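Hello,

Here is the structure I promised to pass on to you. Please open it alongside this email and follow along.

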Amino acid sequence: MLENSMLYPRTTVSRRAVPLDGMWKFWLDENGTGEKDGFADGIPGKDLIPVPASFQDFYTQKNIREFAGDVWYERDLFVPGEWEGRQVFLRFGAATHRAAVYVNGRKITEHEGGFLPFCADITGAVHYDADNKVVVKVNNELAVTNIPCGETITLPDGRKMNKPYFDFFNYSGLQRSVFLTALPKEYVFDFDLDYEIAGKDAFLHYQVRTTGEHETVLWLYDEEGRQVAASAGKSGTMKVENARLWRVHDAYLYRLVIRILDGDALIDEYGQEIGIRTVEVKGTSILLNGEPVYLKGFGKHEDSSIVGRGFNIGVMKRDFELMKWIGANSFRTAHYPYSEEIYQMADREGFLVIDEVAAVGLFESLMNFMEASSGKKTAFFKKETTPILLKAHKKAIEEMITRDKNHPCVIAWSLLNEPETTDEAAVPYFKEVFDLAHELDVQKRPRTFAMIMNSLPDTCKCYPFSDIIALNRYYGWYVSGGYEISQAEVLFRKEMDAWKALDLNKPFLFTEYGADTLGTEHKLPSVMWSQEYQEEYLKMTHDVFDSYDFIKGEQIWNFADFQTTEGILRVNGNKKGVFTRDRQPKDAAYLLRRRWKGLLEGFKG
Ligand code: BDP
């Protein structure tokens with residue numbers, strides 16, 4: 001059970017939420033002595049850095065960009081006197097990958113895991129109507145005991161260096177908004193919603209958790225602000241007559257308001273936009289409101305110039321506009337839960353989201369995405385430290401599901417990306433994470449994991465756990481690329497025929513396929529890396545998709561070019577983007593647009 005509420009901070013009649021975004025003091029702890037040197041009381045220097053943002057791409061020194069270790073943030077915090085007697089928190093959208101929070105020199109809390117929110121209860125540590133000092137130590141070292149997996153090595157000159165087992169830059173720092181919040185002592189902590197559609201009406205089953213015993217009441221308002229249902233009690237059902245359902249690109253949002261009352265007096269109020277919809281897997285179909293849907297879209301990243309993985313509201317807007325333009329209806333939050341604002345936008349825009357926890361790099365390999373697919377390395381889950389990893393992984397699943405479960409956009413949980421699945425040791429590990437997701441989600445949304453190239457019908461021990469079989473496949477890129485593409489197609493079809501022969505009666509989805517393409521390169525006839533080849537590759541791949549009825553979606557890798565660690569396989573980043581890193585279309589974007597605009601929502605339904 002989580003210690004802190006995961007609800008998004010909002011100001012209401014009973015609550016206050018003050019964003020602390022802006023410039024914070026910043027210090028790179030190159031000697032790792034911050035703790036001993038008393039940084040908790042205040043950090044050295046005068047350097048300022050923006051929050052939210054990754055710290056890496058602002059500076060001109062390579063040792064800052066590549067830094068592995070502790071970085072420190074500090075700012076003053078004025079806490080209004082009227083808040084005395086309330087519950088006062090600092091709420092971090094994320095701190096990558098772990099953090100310790102100090103207020104006025106006192107350690108308040110620690111949090112492990114870089115992509116989910118946490119709160120520091122500072123009620124007893126602050127001076128009211130006065131300035132206080134907040135110091136946050138953020139550490140970005142990678143290990144096989146935490147997700148995402150990797151290692152931290154020490155170079156001959158004594159510097160530490162991160163070695164990710166994954167293919168995206170290890171951006172870190174305070175990458176999401178920080179809020180100062182004040183809540184009443186008794187407050188709405190969490191709630192769960194589940195829907196049932198009955199003809200024109202809908203039933204909304206709910207459960208509310210509060211920190212006290214007073215009466216809880218719920219109101220539901222439509223988009224015009226008219227009250228359409230109400231209920232009392234911490235659990236129950238509301239009937240919504242003539243319910244407007246939440247649909248793809250036609251997202252109707254009701255507003256749920258939860259109040260805690262003491263007679264006529266209001267103790268707490270929390271409101272959130274919700275969408276009435278059902279999600280289900282039936283046979284080989286993915287059903288939204290009982291109707292089949294074919295997923296078209298992307299694996300994405302939170303990644304942009306200068307701010308790195310920092311939440312960027314402008315980039316978010318542009319991304320949604322491009323996704324609408326191209327005819328996409330969905331995306332996967334590869335390879336970590338995204339900023340909460342992105343799910344709010346997907347709710348509003350009617351996009352279907354596969355929400356992925358940061359379990360990436362669960363493979364015995366330094367260049368995971370290449371070596372791992374060769375099948376040479378196995379038995380990742382046999383390590384002595386696996387139980388520690390599993391614990392961190394389960395905690396992240398709990399935090400993710402608690403945070404995101406009430407977003408109508410979230411239609412499935414992706415519990416791992418490209419893990420090792422060929423050794424029996426993976427099986428009990430998978431069982432634990434898949435069971436946990438099922439147990440935590442009252443909507444029992446489909447669960448999946450993205451399967452690497454060597455997780456094949458005859459080698460993968462874990463696909464039976466998935467409700468949707470999600471494949472990451474690169475026939476024509478990592479396998480038989482270029483002039484050998486006809487061979488790639490033969491191999492691809494051979495694999496798909498083998499899946500077909502298993503007759504799993506489950507939907508298949510491509511969570512990754514793609515070819516690195518330089519936005520600057522044209523070549524007639526094509527060569528690999530040219531825009532012409534990206535189109536050839538897509539035509540072949542889409543032909544294969546269209547030959548199998550059980551394939552119910554395609555999410556190309558990647559929406560946009562993104563930063564990775566430097567290396568011989570990456571030209572200043574991964575270039576599989578359909579859009580460049582500054583969000584302009586490559587030629588393939590027009591091909592995809594023609595295809596996706598032409599496919600019916602219920603294609604192959
Ligand atoms: C897959 C990974 C993804 C990589 C991609 C690639 O899931 O993170 O970026 O391949 O190689 O292995 O482009």
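Predicted model: local features only at pLDDT ≥ 70, side-chain atom pairs only at ≥ 80, totals over all residues.

Residues are numbered from 1 along each chain as its sequence is written, and side-chain values use heavy atoms, with hydrogens and water left out.

Let's begin with strand β23 (residues 295-299). Helices (H or I, at least four residues) and strands (E, at least two) are DSSP runs, numbered from the N terminus. Five of the five residues of β23 are buried, so the strand is largely enclosed by the rest of the structure; buried means under 20% relative accessible area, exposed over 50% and partly exposed in between (1.4 Å probe, protein chains only). Strands pair if DSSP finds at least two bridges between them. β23 runs parallel to strand β30 (residues 551-557), joined by five bridges, and phenylalanine 298 stands opposite isoleucine 556 in β30.

Now for the rings. There are 47 aromatic pairs in the structure. Rings of Phe, Tyr and Trp (its six-membered ring) pair if their centres lie within 6.5 Å; planes under 30 degrees apart count as stacked, over 60 as edge-to-face and the rest as tilted. Phenylalanine 39 and tryptophan 72 are edge-to-face, at 5.2 Å centre to centre with 80° between the planes. Phenylalanine 39 is buried at 6% relative accessibility, and tryptophan 72 is buried at 0%.

Enjoy exploring!
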